[in-house]
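Dear colleague,

Please find below the structure that I am handing over to you, together with its sequence.

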Amino acid sequence: MMRLTPISNLMARPSFLPPFMFGLLFATFGVILSAKYSSITVDQSALLALKSHITHDPHNFLATNWSTSTSVCSWIGVTCGSRHHRVTALNLSSMDLTGTISSQLGNLSFLASLDIHQNSFHGTLPIELTNLRRMKYLDFGNNSFNGEIPSWFGCFSKLQRLSLYLNNFVGVIPSTLGNLSKLERLGLGGNQISGRIPNSLFKCKELKFLSLGYNSLDGSIPTEIGNLTLLETLALSNNHFKGEIPLVIGNLTSLRELYLFNNKLTGIISCFFYSPFCY
């Protein structure tokens, strides 16, 4: 004989569902909160590691402001994204800081802009920075970095600006910079770079600003420079370039500033457009 379940029992069973769903929701929220907290902790640790590599902070910008008692998003020079609350930009420019760049800085996986120009940072750049694949703006200008310009700069596929001017970099311009298809500004002036301009550089067709002056570059100016049709500023002065000035420079219709002095160049520029340097 079939046994029927009392209606009262059926009515009672759904009461077990809300506590179960509540427990599941609480556990899920806990995992999300834990992951978010962990990410913030990673960013905090990376910045505190950088702080520990700074040996001189005359204005106490970081000494008094970068504290574990406050959120990294409120620290001076730090910008966080509104969605993930991760560090997206770091601007420590013109703070008179002295120190080196810590390898842990490469853990700021959401970082898209890094500006530390006009300080006294020195040493070489750690390869761990290659982890910063979101990077768009890098300004290390007017510091005391040394060594060769890292070839791994070519891995920053989103990079639009690279400024390394007024440092102590030596060696040649890495051919890997030609991989930076989105690059608009390249500033390498005022270093101790030698050798020739790599032809690969002229694959960066978005370039508007190219400054290589005050180095020890030699050879001729490649005619491939005519590929940079968006170029507005070209600075090659105070090097050891020789030979004829490429006629294609006169065809760069966007060009407004041209600096070629203190080289061993010959020839004239025929201009087919209005430009101040043509008159």
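In this predicted model, the side chains of D43 and R86 form a salt bridge, with an N to O distance of 2.9 Å. D43 belongs to helix α2 (residues 17-52), whereas R86 sits in the loop between β2 and β3, so the contact ties together parts that are 43 residues apart in sequence. Both D43 and R86 are buried.

How many salt bridges does a search of the whole structure find? The search finds two. The other pair is D139 and R161, whose side chains meet at 3.5 Å, N to O. This pair also links distant parts of the chain, with D139 in strand β7 and R161 in strand β9 (residues 161-163), 22 residues apart. R161, at 29%, counts as partly exposed.

The loop between β2 (78-80) and β3 (87-91) also holds H85. H85 has a positive phi of about 55°, although it is not a glycine. Most residues other than glycine have a negative phi. With a relative accessibility of 34%, H85 counts as partly exposed. A positive phi is likewise found at Y214, where the value is near 60° and the residue is again other than glycine. Y214 lies in the loop between β13 (209-211) and β14.

Nine strands make up an open sheet with mixed pairing, in the order β1-β4-β6-β8-β10-β12-β14-β16-β18. Which strands stand at the edges? They are β1 (54-56) and β18 (264-266); each has a single partner strand, so one side of each is left without a neighbour in the sheet.

On one side, strand β10 (residues 168-171) pairs with β12 in the parallel sense over two bridges, and V170 stands opposite Q192 in β12. Strand β12 is also joined by two bridges to strand β14 (residues 216-219), and these two strands run parallel. Here G195 stands opposite L217 in β14. In a regular strand the side chains alternate between the two faces of the sheet. In β12, I193 and G195 make up the covered face, while Q192 and S194 make up the uncovered one.

Beyond β14, in the loop between β14 and β15 (233-235), is L231. Its relative accessibility is 0%, so L231 counts as buried. L231 and L255 are 24 residues apart along the chain, and their C-alpha atoms are separated by 5.5 Å.

Finally, there is a charged region to report. Which residues gather in a patch of positive charge on the surface? They are R134, K136, K158 and K182. R134 is located in the loop between β6 (120-123) and β7 (137-139).

With kind regards

Terms used. Residues are numbered from 1 along each chain as its sequence is written. This is a predicted model: local features need pLDDT of at least 70, side-chain atom pairs count only at pLDDT 80 or more; totals for chains, interfaces and linings use all residues. Side-chain values use heavy atoms; hydrogens and water are left out. Patches are made of residues with over 30% relative accessible area and no salt bridge: like charges are joined within 9 Å, nonpolar side chains (Val, Leu, Ile, Met, Phe, Trp, Tyr) within 5 Å. Accessible areas come from the Shrake-Rupley method with a 1.4 Å probe; for residues, only the protein chains shown count as cover. A salt bridge is a side-chain nitrogen of Lys or Arg within 4 Å of a carboxyl oxygen of Asp or Glu. Lys and Arg count as positive and Asp and Glu as negative; His and the chain ends are not counted. The place of a charge is taken as NZ of Lys, CZ of Arg, CG of Asp or CD of Glu. Helices (H or I, at least four residues) and strands (E, at least two) are DSSP runs, numbered from the N terminus. Two strands pair if DSSP finds at least two bridges between them. Buried means under 20% relative accessible area, exposed over 50%, partly exposed in between (1.4 Å probe, protein chains only).
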